Amino acid sequence: MAPTQVLRCCQRGLAWIPVIFIALVVCWSYYAYVVELCIFVYLIFFHLSFIMFVWSYWKTIFTKPANPSKEYCLPKAEKELYEKEERPDSQQEILSQAASSLPLYTRTGAGAIRYCDRCQVIKPDRCHHCSACDMCVLKMDHHCPWVNNCVGFSNYKFFILFLAYSLVYCLFIAATVLQYFIKFWTNELPDTHAKFHVLFLFFVAAMFCISILSLFSYHLWLVGKNRSTIEAFRAPVFRTGSDKNGFSLGFRKNISQVFGDQKKYWLLPIFTSQGDGLTFPTRLVNADAEQATVSLHSEPNKSAADISVSPLSESQNRLLSNEQHANNIGDHLVNNTFKSGELHWG
């Protein structure tokens, strides 16, 4: 086995250390609360929050990031020309020709077609390459070491619920253990080994509450703005220029983009996000020189598994060119059909 392969295997093994650490802390907290304290009246709510927390955490870890579909790969002939060509301008001409039939709205900072040399695919809107996972991920938000996975289109809802339920779990433990924590410091607690579990339970729960609350609040803000973490730091660039609110459709629609239209499923870690991860509803601030009046209407009730048509044919069949209507509503909404996937940094 080559040294690079050995190093890669070691890196993959070490990447599970944060996940194992969290799993051990959760297992210990369960033992300390249920076995040592055994506060029966609280156990029903405790187990409910525990199950939802573990379920959402599991889904975040083991949901595979979605990747660009084959429509975004260069045809064999164009790929050979691209690899042989050394001039950047000529390479861009090849990419532009190949991407002319794809529903793409974002560009690089220099206005070029976004192409991943590592994965050899044209990047869909909001797609980025993750160096840790070594793949392009649809609507990539970030690579999270605590779940050893990329957070993107396919598992972003699960990640939000993981933060929510972990916060509820920690708050519940801290609140119910507080009275015993006070008794510990006033020497009113029986002198058993359970008193040390009480001490550490409160400290650990309070510590995680503070860190999770800030992260959870930040991601709720991102959901309300319909931005990823990457887009919050680097605004997406459209043909008309960069626009940090380019994908924002209004607060309610932004929430539905992640959680779906059916509110009864919002709190369950099951996939209900709108679209397919390949194309997204887009607000055009200025007229696009190439697709100024295009308005692609997505099918919000369809998940990635329900869509079998290609993003090209679907988008081409849903063109609307009524400029008068666009002027009446102020901001155009360009709704691009999705194909299920996950985004990664790049």
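The side chains of Arg-118 and Asp-134 meet in a salt bridge, with 2.8 Å from N to O. This pair links distant parts of the chain: Arg-118 is in the loop between S2 and S3, while Asp-134 is in the loop between strand S4 (128–130) and strand S5 (135–137), 16 residues away. The model is predicted. The chain has 346 residues, and 49% of them are buried. Its secondary structure comes to 11 helices and 11 strands.

**Salt bridges**

- A search of the whole structure finds three salt bridges.
- In the pair described above, Arg-118 is exposed, with a relative accessible area of 61%. Asp-134 has 32% relative accessibility and counts as partly exposed.
- A second salt bridge joins the side chains of Arg-126 and Glu-231, at 2.8 Å from N to O. Arg-126 lies in the loop between S3 and S4 and Glu-231 lies in helix H8, so this pair ties together parts that are 105 residues apart in sequence.
- Both Arg-126 and Glu-231 are buried, which means that each has under 20% relative accessible area.
- The side chains of Arg-87 and Glu-85 also meet in a salt bridge, at 3.1 Å from N to O. Arg-87 is exposed at 55% relative accessibility, whereas Glu-85 is partly exposed at 22%.

**A three-stranded sheet**

- Three strands form an open sheet in the order S1-S8-S9, and their pairing is antiparallel. Strand S1 (106–107) and strand S9 (241–242) stand at the edges with a single partner strand each, so one side of each has no neighbour in the sheet.
- Strands of a sheet pair through backbone hydrogen bonds, in either a parallel or an antiparallel way.
- Two bridges, in the antiparallel sense, pair S1 with strand S8 (residues 237–238).
- Thr-106 has Phe-238 in S8 as its bridge partner.

**Residues with positive phi**

- Gln-120 has a phi near 60 degrees, which is a positive value in a residue other than glycine. Its place is in the loop between strand S2 (115–116) and strand S3 (121–122).
- Asn-226 is also a residue other than glycine with a positive phi, here near 55 degrees. It lies in the loop between helix H7 (194–225) and helix H8 (229–233).
- Are these two residues buried or partly exposed? Gln-120 is partly exposed, with a relative accessible area of 28%. Asn-226 counts as buried, at 4% relative accessibility.

**Transmembrane regions in the record**

- An unreviewed UniProt entry lists residues 12–33, 39–58, 158–182 and 194–218 under "transmembrane region".
- Over residues 12–33, the chain in this model is 91% helix and 0% strand.
- Over residues 39–58, the chain is 80% helix and 0% strand. Here the end C-alpha atoms are 27 Å apart.

**Surface and the nonpolar patch**

- The accessible surface of the chain comes to about 18000 Å², and 62% of this belongs to carbon and sulfur atoms.
- Which residues make the nonpolar surface patch of about 570 Å²? They are Trp-16, Ile-20, Leu-24, Trp-58 and Phe-62.
- Helix H2 (17–37) and helix H3 each supply at least two residues of this patch.
- Trp-58 is found in helix H3. It is exposed, with a relative accessible area of 54%.

**Contacts across the sequence**

- Among contacts in the chain with a separation of 6 or more, 70% come from residues 24 or more positions apart.
- Ile-51 and Tyr-169 are 118 residues apart in sequence, and their C-alpha atoms are 9.8 Å apart in space.
- Ile-51 lies in helix H3 (residues 43–62). At 49% relative accessibility, Ile-51 counts as partly exposed, because a residue counts as exposed when its relative accessible area is over 50%.

Note on methods: Residues are numbered from 1 along each chain as its sequence is written. Side-chain values use heavy atoms; hydrogens and water are left out. Helices (H or I, at least four residues) and strands (E, at least two) are DSSP runs, numbered from the N terminus. Buried means under 20% relative accessible area, exposed over 50%, partly exposed in between (1.4 Å probe, protein chains only). Contact means heavy atoms within 4.5 Å. Accessible areas come from the Shrake-Rupley method with a 1.4 Å probe; for residues, only the protein chains shown count as cover. Two strands pair if DSSP finds at least two bridges between them. UniProt positions are given in the numbering used here, feature names are shortened, and annotations may be inferred rather than shown by experiment. Patches are made of residues with over 30% relative accessible area and no salt bridge: like charges are joined within 9 Å, nonpolar side chains (Val, Leu, Ile, Met, Phe, Trp, Tyr) within 5 Å. A salt bridge is a side-chain nitrogen of Lys or Arg within 4 Å of a carboxyl oxygen of Asp or Glu.
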